[in-house]
Amino acid sequence: MTTISTRSRRRTGGPGRLLLGGVCAVAIAVSSVAVATSARADLPGPPGATLKAAAERSGRYFGAAMGGDRLNDAGFLAIANREFDMMTAVNEMKPDATEPNRGQFDFRAGDAIYTWATQHGMRVRGHTLAWHAQQPRFWAGLSGSALRTAMIDHINGVMTHYRGKLAYWDVVNEAFAENGSRRSSNLQSTGNDWIEVAFRAARAADPGVKLCYNDYNIENWTYAKTQGVYAMIRDFKARGVPVDCVGLQTHFTGGSSLPGTFQQTLSSFAALGVDVALTEADVTNAAAGQYQGLTQACMNVPRCVGITTWGIRDSDSWRGNESPLLFDRNSNPKPAYTSVLNALNAASTTVPGTSTPPSTPTSTPPSTPPSTPPVTGQPGACTATFRSAGHWDGGYQGEVTVANNGSAVLNGWTVQLTLAGGQTLANVWNGVNTGTSGTVSVRNAAYNGSVGANASTSFGFLVNGSSDAAPGALSCTSP
Ligand code: G3I
């Protein structure tokens with residue numbers, strides 16, 4: 001199987017090289033929709049006859065990307081409505097589109113896609129907030145702290161508009177170079193911490209949406225760029241930087257193809273405690289075997305939450321003359337469609353936690369720091385300290401710091417806390433919870449159980465409920 005070489009296989013923002021290798025585009029119309037014969041008996045209902053129905057059987061989604069011009073394309077909309085349950089705007093939520101002039105936000109194009117998608121039962125992925133490309137023109141005149149401030153202001157402005165409405169946000173897009181180091185850009189020049197600053201700003205602006213890092217050419221586990229991104233996510237999780245998911249764009253196009261290590265890459269990221277998703281999939285000539293393989297890899301990883309193709313028909317693709325999508329120009333599903341559908345229906349894993357989406361705050365979190373005093377518990381070798389990181393009508397975001405005040409390294413920790421009556425735990429990051437109401441316990445995630453002497457780590461959580469009373473009876477134990 002071909003893997004990605006050390007040279008860049010594709011470029012962003014332009015037509016790039018088209019490596020069709022003399023292979024003619026496959027455009028075989030499939031007149032009827034085949035469904036899997038190997039669907040799992042332990043999953044709900046009969047095999048799904050559409051991409052979204054098949055994906056939903058294992059708690060996943062199947063998404064597409066659309067430009068605003070497709071809102072006038074009845075053929076596109078018919079397939080989108082029939083087959084997909086997640087939508088990404090191709091360009092309309094990018095920085096140049098949403099903040100063309102400083103402080104003047106324009107959400108008309110993004111909102112039009114959002115409204116159509118949600119009116120047709122879809123969820124929406126936000127794409128994207130901080131990127132070296134498609135920046136507002138005024139960013140070009142800024143650098144240093146002024147550009148950093150403009151980035152934070154942009155994140156706040158856009159995320160406040162969409163607060164509580166989106167399922168995921170690609171907070172940072174394509175920040176790595178092919179050799180695994182950071183890509184040179186004006187944002188990178190503001191300081192190496194620009195990515196974590198973006199994520200922290202994003203969490204504060206909308207604590208209910210999952211925050212993703214998104215990139216291409218990170219599908220091959222042995223590739224330097226994959227390892228560079230992996231090291232960053234591992235570091236972020238260890239230090240409590242709020243990242244919830246990694247988007248692998250999955251452009252097997254322009255000559256690249258599905259690497260044999262793809263599932264290993266997905267499971268390795270997932271083991272860090274993040275969701276993974278295939279966010280912009282397309283494959284040269286829609287090779288059915290590669291589409292089957294990329295779908296299968298996702299289905300084999302419980303935290304792979306869904307797949308999005310970058311367009312629906314070949315005529316929607318940024319690489320249209322590679323015929324890389326699941327539907328041809330006449331809207332007919334290709335053989336790759338059937339291979340994807342069958343792989344979705346044969347899934348044996350259910351995505352954890354997707355039945356309870358992150359809480360959706362209903363009002364603006366306060367700009368002043370919360371007044372809740374810290375609560376500290378002391379049993380065992382560690383201590384747990386709570387602080388409120390924001391609250392709104394119907395819930396709050398909490399953070400617990402687990403401190404090792406002893407002289408020996410902690411090898412794992414468990415925090416117990418008691419939620420007030422009527423409160424429910426909606427989402428936990430950097431920890432694994434047991435129970436969602438009353439007394440709940442949160443133990444360390446796979447990557448933050450080891451806490452050195454006099455060091456600390458933390459986990460975060462969202463609580464839904466009519467009161468924002470802080471949790472009581474905090475305690476921390478270590479084996
Ligand atoms: O809207 C103008 C139009 O007025 C003008 O006549 C025309 C002339 O070229 O350009 C139009 O804008 C183009 C825009 O797409 C809308 O079609 C831009 O030039 C073109 O650069 C832009 O390309 C987009 C590209 O991102 C930019 O980086 C593609 O549509 C979009 O599919 C692509 O999406 C990216 C993801 O965001 C990140 N991952 C890679 C992916 C594919 O490159």
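Thr250 lies in the loop between strand 6 (245-248) and strand 7 (251-252); helices (H or I, at least four residues) and strands (E, at least two) are DSSP runs, numbered from the N terminus. At 0% relative accessibility, Thr250 counts as buried, where buried means under 20% relative accessible area, exposed over 50%, and partly exposed in between (1.4 Å probe, protein chains only). The model is predicted, so local features need pLDDT of at least 70 and side-chain atom pairs count only at pLDDT 80 or more, while totals for chains, interfaces and linings use all residues. Residues are numbered from 1 along each chain as its sequence is written, and side-chain values use heavy atoms, with hydrogens and water left out.

**Backbone angles**

- Most residues other than glycine have a negative phi, and most peptide bonds are trans.
- Thr250 has a phi near 65 degrees, which is positive although the residue is not glycine.
- Ala473 also carries a positive phi, near 50 degrees, and is likewise a residue other than glycine.
- Ala473 belongs to strand 20 (residues 472-477), and with a relative accessible area of 59% Ala473 is exposed.
- The peptide bond that joins His127 and Thr128 is cis, with omega at about 0 degrees.
- Thr128 has its place in strand 3.

**Surroundings of the ligand**

- The ligand is surrounded by 16 residues; a residue is near a molecule or strand if one of its heavy atoms lies within 4 Å of it.
- The closest of these residues are Lys94, His127, Glu174, Glu280 and Trp310.
- The shell around the ligand divides into four nonpolar, eight polar and four charged residues. In this division, Ala, Val, Leu, Ile, Met, Phe, Trp, Tyr, Cys and Pro count as nonpolar, Asp, Glu, Lys and Arg as charged, and the others, Gly among them, as polar.
- A polar side-chain atom of Lys94 is 2.6 Å from an oxygen atom of the ligand. A polar contact is a pair of N or O atoms within 3.5 Å; within protein, one must be able to donate a hydrogen and the other to accept it, and residues adjacent in sequence count only if both atoms are side-chain atoms.
- For His127, a polar side-chain atom lies 2.7 Å from an oxygen atom of the ligand.
- An N or O atom in the side chain of Glu174 is 2.9 Å from a nitrogen atom of the ligand.
- On its own the ligand has 780 Å² of accessible area, of which the protein covers 50%. Accessible areas come from the Shrake-Rupley method with a 1.4 Å probe; for residues, only the protein chains shown count as cover.

**Strand 3 and its partners**

- Strand 3 (residues 123-131) is largely enclosed by the rest of the structure, because eight of its nine residues are buried.
- Strand 2 (residues 86-89) and strand 3 run parallel and are joined by three bridges; two strands pair if DSSP finds at least two bridges between them.
- Met87 stands opposite Val124 of strand 3.
- Strand 3 and strand 4 (residues 168-173) also run parallel, with five bridges joining them.
- Arg125 stands opposite Tyr168 of strand 4.

**Strand 9 and its partners**

- Strand 9 (residues 304-309) is mostly covered, with six of its six residues buried.
- Four bridges connect strand 9 with strand 1 (residues 61-66), and the two run parallel.
- Ala64 stands opposite Thr309 in strand 9.
- Strand 8 (residues 275-283) runs parallel to strand 9 and is joined to it by three bridges.
- Cys304 in strand 9 is the bridge partner of Val276.

- Helix 6 (residues 194-205) has twelve residues and reaches 16 Å from its first C-alpha to its last, close to the 16 Å expected at 1.5 Å a residue. The expected span of a helix is 1.5 Å times one less than its number of residues.
- Ten of the twelve residues of helix 6 are buried, which leaves the helix mostly covered; among them are Trp194, Phe199 and Arg203.
- Helix 7 has 16 residues, and its first and last C-alpha atoms are 23 Å apart, close to the 22 Å expected at 1.5 Å a residue.
- The buried residues in helix 7 include Tyr230, Met232 and Phe236.
- Arg239 lies in helix 7 (residues 224-239) and, at 40% relative accessibility, counts as partly exposed.
- The C-alpha atoms of Arg239 and Thr457 are separated by 6.8 Å, although the two residues are 218 residues apart along the chain.
- Gly240, which follows helix 7, has a positive phi near 80 degrees.
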